[in-house]
Amino acid sequence: MKTITLWNEGWRFAKCPDGPADPAAVLAGEAVTLPHTWYADGDYYQGDAAYQKSFSLTLAPGQRAFARFNAVDKVCEIYLNGKHIGGHKGGYTRFALELTDALRPGENLLTVLVNNDAGETVSPLMGDFASFGGIYRDAELVIAGPVHFDLQYHGSEGVLFRTALRPDGAGTVTCEAHICGGPGQVHYTLADAEGHVVARGDESLTLAKPHLWNGEADPYLYTAAATLTVDGETVDTVSLPVGFRSISVDPDRGFFLNGQHLKLRGVAKHQDTAGVFCAAGPKHWEQDIGLIREMGANAVRLSHYPHPQPVYDLCDERGLVVWAEIPMLKLNETRELLDNAKQQLTEMILQNLHHPSVCFWGIQNEVGLMGAKPYMPGKLRILNDLAHALDPSRPTTSSNCSAVPIDSDLNRITDVTCYNIYYGWYYGDMPDHAAFLDDFHAAHPAMPLGISEYGVDTNTAYHSDAPKVNDYTEEYQALYHETVYPYMAQRDFVWGSFVWNMFDFVSPIRRAANIQFRNLKGLVTHDRLTRKDSFYYYKAIWSQEPFVQIAEKRFEKRAAGTMTVKVYSNQPRVTLTAGGRTWTENTANGIARFAGVPLDMGDNTVTAAAGDLTDKAVFTRVDQPEESYVYVDNGPGLHVRDWFVDADEEARMFPNDAYSLRNTIGELLACPAAMKAIDTIIPKLSKPMRTGPDTYTLEKAIPYLYPDCPEELAKALNSELNKIPK
Ligand code: GCB
């Protein structure tokens, strides 16, 4: 029988800035326990590193040993006793390598050389998140008998279970076993949630009346098991959770689960959590999925890469509809990159196709960010066809961005398509959502449209009673979500929407709102300790669990004599008590608003009640507006865009010894060659540059001087400036 042992203890680790370590030599490194990442805020090391583990292992005759890694970020080569035993390219999927032939009696030395450089051939090549680096999910030692299910089959368990519903309502499980080491007999069983075996078979399983997996309403799971026997003796088993459900997406009416319409109320999430970053574990995953369910979301986009297996398990158990995707965020012309994308897509699908929660395979996110290139559709079609070939049962999806016009071919590749839209944040105004959705639907009446991202950054320290774009206040984030979500909710043709993002997450290139290295679009902070006001907005309109929550509690100090108290609740009416007076209001769009509530100097306790539910807040009247609530941005404009450039590209684009957009306007005005380049490439800039303040860098000033400046033009100008030595 196969034994699987966690192999997380007893590793040594070292960064290797001078190049890969000698895999045959003992590593002088620090002792670490897996899961482990070398990422630290402010120390985003991208390069070579090594892990090493000494162990002894004696195998019985015929036994085989494997090292299995649930993820190594991002590329690794693995050696046993100095002998190369294999490698893996891609930081988010599982793989196993055989140790057997390189094992020796006594002590063995396993060396994992890891590299997390951006590179040009292994996705992701860029992104608004970290390639953290490390063996950051569990490692396992697997000892198998001579005949076993092939755990090297694209990192799967060696057995694939594909569930389907027949038109007569019967459930089927098509089983596909990959056996190593010789012939064997495979027998399959299906057990219900109580563990009773309800179907048996040698190739497939059939159940006349399956209990359906029905999302949050009833996430019912079965367990499918495969038993491998040789001469009547059991030599291997694999069991995986499965579920029976049907899904479809209609371009006019949206998503259907088991024939019933289900509007997908989604959020997106990255895998990192404060303190441990990507090396999160079960308690973090439980907490995250718990918060998503508490808010009442019924769908999650597990972005921008495959997440740990237990997270998909939790989604199965909690009834969340999952969008799973590969880390394809920049698509170049190289053959290697496409081959690697195919490998990562194959691994994602074959490792996850048993999960009933997974309903969409995402093949790309914003590859057209810098403009769709003619080679892109062909390459994406290859990925789309591969996804269909591996799993015809699920729709493929993709996310485009504002740089991709509605009529682009990139909107004609996957079964359903989506946009990441940021009207009211990076560009445009909040009401622009309506026209965009309607225009897309009119142009593509047969293409189901979803919104794969929308959101704004906020630092919960900042507050305003007149919130506006780019002020990073908690109140602007709330206003934005309250305003824009109804545009999507009211349109049946929008099959789903996914808030960007459920949690603040690490982005090493961000500096906005005085919090470094974070994208702050979360509804919950990175440490999961603070639910921002917007969280309660969604809870009010999505969750069935009765609650009442006074908004703006962190906006405690008030300088005016009255305030509008906003209360989020999923109850029809809310009563507010303050200063001995009482008001009652109906809720609309999850909000009850009480205008003109008087505030006395000092503390004012306000109580909101709906039935038995109550919530309390204290607002303190002060003489002067609280200065710390205002974000002072000493370089306005570009923070919100600066992730468009990744760290490597950044070093190339902004060299120290030549001019670039990072020079101040004053420096550029003083350099005739630079001004000649500006007058030639973006003549629109030259007048406002001469008349406005000259202390900002041109990069930060462009959105003000020429708000619609095409990114391509700015890049072209930057390249010309780079030719002028300082
Ligand atoms: C996007 C990207 C996502 C970013 C997000 C943002 O469109 O797909 O990775 O994090 O925008 O916050 O700018």
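Arg528 is buried, at 4% relative accessibility; buried means under 20% relative accessible area, exposed over 50% and partly exposed in between, with a 1.4 Å probe and protein chains only. The structure is a predicted model, in which local features need pLDDT of at least 70 and side-chain atom pairs count only at pLDDT 80 or more, while totals for chains, interfaces and linings use all residues. Residues are numbered from 1 along each chain as its sequence is written, and side-chain values use heavy atoms, with hydrogens and water left out.

**Backbone features**

Most residues other than glycine have a negative phi, and most peptide bonds are trans. Arg528 has a positive phi although it is not a glycine, and Glu552 also has a positive phi without being a glycine. Glu552 is buried, with a relative accessible area of 12%.

| Residue | Phi | Loop between |
|---|---|---|
| Arg528 | about 65 degrees | strand S34 (518-519) and helix H7 (533-542) |

Cis peptide bonds join Asp73 to Lys74, with omega near 10 degrees, and Ser303 to His304, with omega about -20 degrees. Lys74 is in the loop between strand S5 (64-69) and strand S6 (75-80).

**Domains and cores**

The domain assignment, automatic or from a database, gives domain 1 (3-146), domain 2 (159-242), domain 3 (255-541), domain 4 (557-629) and domain 5 (640-721). The C-alpha centres of domain 1 and domain 5 lie 43 Å apart.

A nonpolar core is a set of buried Ala, Val, Leu, Ile, Met, Phe, Trp, Tyr and Cys residues joined through side-chain atoms within 4.5 Å. The largest has 109 residues, of which Val267 and Met502 touch the most other members. Domain 1 and domain 3 each supply at least three residues to this core. Apart from it lies another core of 31 residues, including Val32 and Tyr51.

**A helix pair**

Helix H10 (residues 672-681) and helix H11 (residues 683-691) pack at about 125 degrees with axes 5 Å apart; the axes are lines fitted to C-alpha atoms over the stretch in contact, and angles run from 0 to 180 degrees between N-to-C directions. H10 and H11 are therefore oblique to each other, since angles under 35 degrees count as roughly parallel, over 145 as roughly antiparallel, 65 to 115 as roughly perpendicular and the rest as oblique.

Notes:
Helices (H or I, at least four residues) and strands (E, at least two) are DSSP runs, numbered from the N terminus.
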